[in-house]
Amino acid sequence: MMTVSLHCSEKIRNIVEELLHNRHIHIREESDVWLIERGLTLEKGKIGIVFDMESLHVLIDYLDAIVDKKEIVKDRITGKNSKGELKLLAYDDIYYFEAVNNDVTCKMKDTTYAIKEKLYQLEERLDNTSFIRVNKSYIVNIVKIDRIIPWFNSKLLLTFEGLDEEVDVTRTYLQQFKEMLDF
């Protein structure tokens, strides 16, 4: 979610607010990025995008470009392979995220990538996607699950398409998992 602080005259405020709203850009006074009308003073330590009525179309084009780029990478995450190379990873290709100590990895079919986010950050980021937290160390992509096996102590064991690995769903996360799969 992109947020900006809007500083302009009342005369054009409604117009700019509507433009931002239509692009799903939120206005928040505490933002470090300001959209500021020419002639007003930018607060020290803030980043400003200066505009006036004559340059409003340039601002619209710029915001559209930013929003379009965000849409392109919305369903991707950056990972680092064992050679230190960065790659943009599509959610659809990810089997699961695993946390071991302070490191989080992303499991693809043939490769594992290091991810900079913590598991709780990924859980927020992946809300309303095909990913779900199944225990304290794993977030799995339900689309990649091959079998769900009932296990001891009210747990479930998950196997994945094309992987010889298993992940357990612990009791803490069992109800949420069942609700997501409607069973």
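In the second largest pocket, S5 gives the largest share of the lining, five residues. Colleagues, please note that this is a predicted model, in which local features need pLDDT of at least 70 and side-chain atom pairs count only at pLDDT 80 or more, while totals for chains, interfaces and linings use all residues. Residues are numbered from 1 along each chain as its sequence is written, and side-chain values use heavy atoms, with hydrogens and water left out.

Let me begin with the pocket. A pocket here is an open set of points on a 1 Å grid over the protein atoms alone, where a 1.4 Å probe fits, with protein on both sides within 12 Å along at least five of seven lines; lining residues have an atom within 4 Å of a point. Its volume is about 190 Å³, taken as the space filled by probe spheres set on the points, which are joined across faces, edges and corners. Of the 13 lining residues, Ile 77, Thr 78, Gly 79, Lys 116 and Glu 117 are the closest to the centre.

Which strands each supply at least two residues of this lining? They are S5 (76-80), S6 (86-90) and S9 (112-115), strands being DSSP runs of E with at least two residues, numbered from the N terminus. By class, the lining has six nonpolar, two polar and five charged residues. Nonpolar covers Ala, Val, Leu, Ile, Met, Phe, Trp, Tyr, Cys and Pro, charged covers Asp, Glu, Lys and Arg, and the others, Gly among them, are polar.

Lys 144 is buried and yet lacks a salt bridge. Buried means under 20% relative accessible area, exposed over 50%, and partly exposed in between, with a 1.4 Å probe and protein chains only. A salt bridge requires a side-chain nitrogen of Lys or Arg within 4 Å of a carboxyl oxygen of Asp or Glu. The nearest side chain of opposite charge, Asp 93, is 5.0 Å away; Lys and Arg count as positive, Asp and Glu as negative, and His and the chain ends are not counted. Beyond four places in sequence, Lys 144 has contacts that include Asp 92, Tyr 95 and Phe 160, contact meaning heavy atoms within 4.5 Å.

Finally, the loop between S12 and S13 (155-160) holds Asn 153 and also Ser 154. Neither is a glycine, yet phi is positive, about 55 degrees at Asn 153 and about 60 degrees at Ser 154. Asn 153 is exposed, at 57% relative accessible area, whereas Ser 154 is partly exposed, at 48%.

Terms used. Helix = DSSP H or I, 4+ residues; strand = E, 2+ residues; numbered from the N terminus.
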